[in-house]
Amino acid sequence: MTFVLYLLFALTGGAVGWGLHTFTAYGAAIAMGGGGLTFAILGQMHLLFSRKRGPEEVEQRVEAIEKAHKDTAERVDVLEVRADAIETTVKHELTERRDALVNEMKQLEGLIERLSKSFEAKLAETPRAPGAVASPDDAVLAEVKEALRENRVDLHLQPIVSLPQRRVAFYEGFTRLRRADGSLILPAQFLDAAHRARLLGVIDTMTMFRCVQIVRRLAEKDRRVGVFCNISAASLEDETIFPRFLEFMSRNRDLSGAMIFELRADRFETRSKTMRENMDRLSALGFRFSLDHSADLAMDLPRLQDAGVRFVKLGGQLLLNQLRDPSGTRPISSINRHLDGRDVSAVFSRYGVTLIAEKVEDEASVVEILDYDIPYGQGNVFGAARPIKTSLMEETTPPAELTRDLRANLG
């Protein structure tokens, strides 16, 4: 752009010189000087105006930079305020969580200390007479005591899925005791011996510790997933164990929507006054119950509703046989007419009780179960019971004080 301007200035100077020479009496030398002077004057004027505009542009740019700097500083101040607020909030939440955890651990230690004393007393019961020959039950009981003493109480989980989506809605926790060689002592092997030695309450309590921790882990991922935790009638009737059990669950009542206590249906039907009252205490905390190993559909639904029973499990094949049979057993309800098999699930739901088809082993059964609108299924076809991960097993183990006290007292 500057080159073009100076070219125009030169042409203008040349025109002035030519005009002076042609139309005036001045000679060529004066005409050339006049043209050169014109070019010089125009060039100086250009430089003058250029210098005049430069500082204005620089000033404008400086003002723009200052404004941008001011805006940036304001934004930094806002970010610092927000960062301080976030830091304060995080510190407050961490402090609350730490205090809550410390408080719960202190309460847990007290509970475990009392439980260990009860455990020691129960393990010392039922002594064998000198010179008596050891029976198979004695051997099993010895293995049970050793597993409890060494804290070899494992938890296996099996999914319970919603139908027809097959989304995991719950897990059922199964207790397994381990021998020193890693082999399992199954419930069918140890329940009778443990019951006679009055150790079921101890086993249930140790399992309950793990279930509570598992529920808390699951709640971090999906609050809709719950856990069925098996509990024996003996635990609900044990005057020593149950008060401590109730105390612990009172402190964890925030889990009432995700923990369901499961009982055998036959023991529910013959429950004692103590068992009924203790179930009412758990129900008052918001906890629900499930009945498994049900023999048939002939259940008193109003009674189940009043007792806080919200789930009933029947074996898949048994359930299908009764639903298919037009004269099959039906639940007791306010409906007088004989129910069609396809209406049974809806009647259970009317009383707040959900049917679960358990022990479902094949896809053909699943298809037929869907025809009767059974809302949940459980069995190997949906997923087998599997032990929780070793890392999680260690994290959910009751504190070491219990095991240490047992070793000190039992040798």
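How many helices and strands does the protein have?

## Overall architecture

The structure is a predicted model. The protein contains 15 helices and ten strands. Its chain has 411 residues, and 40% of them count as buried. Among contacts with a separation of 6 or more, 70% are between residues 24 or more positions apart.

The accessible surface of the protein is about 22,900 Å². Carbon and sulfur atoms contribute 56% of that area.

## Cysteines

Searching the whole structure for disulfides gives a count of zero. C211 is in no disulfide, although the sulfur of C229 is 3.1 Å away and is the nearest cysteine sulfur to it. Likewise, C229 is in no disulfide, and its nearest cysteine sulfur is that of C211, at 3.1 Å. The pair is not counted because the rule requires the two sulfur atoms to be within 2.5 Å.

Both residues can also be described by their accessibility. C211 is buried, with a relative accessible area of 1%. C229 is buried as well, at 2% relative accessibility.

## Salt bridges between separate elements

The count of salt bridges in the model comes to 14. One of them joins R267 and E237, whose closest N and O atoms are 3.6 Å apart. R267 is partly exposed at 29% relative accessibility, and E237 is partly exposed at 28%.

E262 and K313 form another salt bridge, with 3.0 Å between the closest N and O atoms. This pair links distant parts of the chain: E262 is in strand β5 (residues 259-264) and K313 is in strand β7 (residues 309-315), 51 residues apart. Both E262 and K313 are buried. E262 and K313 are also linked with E172 in a network of salt bridges.

Which residue does R337 meet in a salt bridge? Its partner is D343, with an N to O distance of 3.9 Å.

R337 is exposed, having a relative accessible area of 52%. D343 counts as partly exposed, at 31% relative accessibility. The two residues fall into separate classes because exposed means over 50% relative accessible area, while partly exposed lies between that value and 20%.

How values were computed: Residues numbered from 1 in each chain as written. Predicted model: local features only at pLDDT ≥ 70, side-chain atom pairs only at ≥ 80, totals over all residues. Heavy atoms only, no water. Helix = DSSP H or I, 4+ residues; strand = E, 2+ residues; numbered from the N terminus. Buried < 20%, exposed > 50% of the residue type's maximum accessible area, 1.4 Å probe, protein only. Contact = heavy atoms within 4.5 Å. Areas by Shrake-Rupley, 256 points an atom, 1.4 Å probe, with all protein chains shown as cover. Salt bridge = Lys/Arg side-chain N within 4 Å of Asp/Glu carboxyl O.
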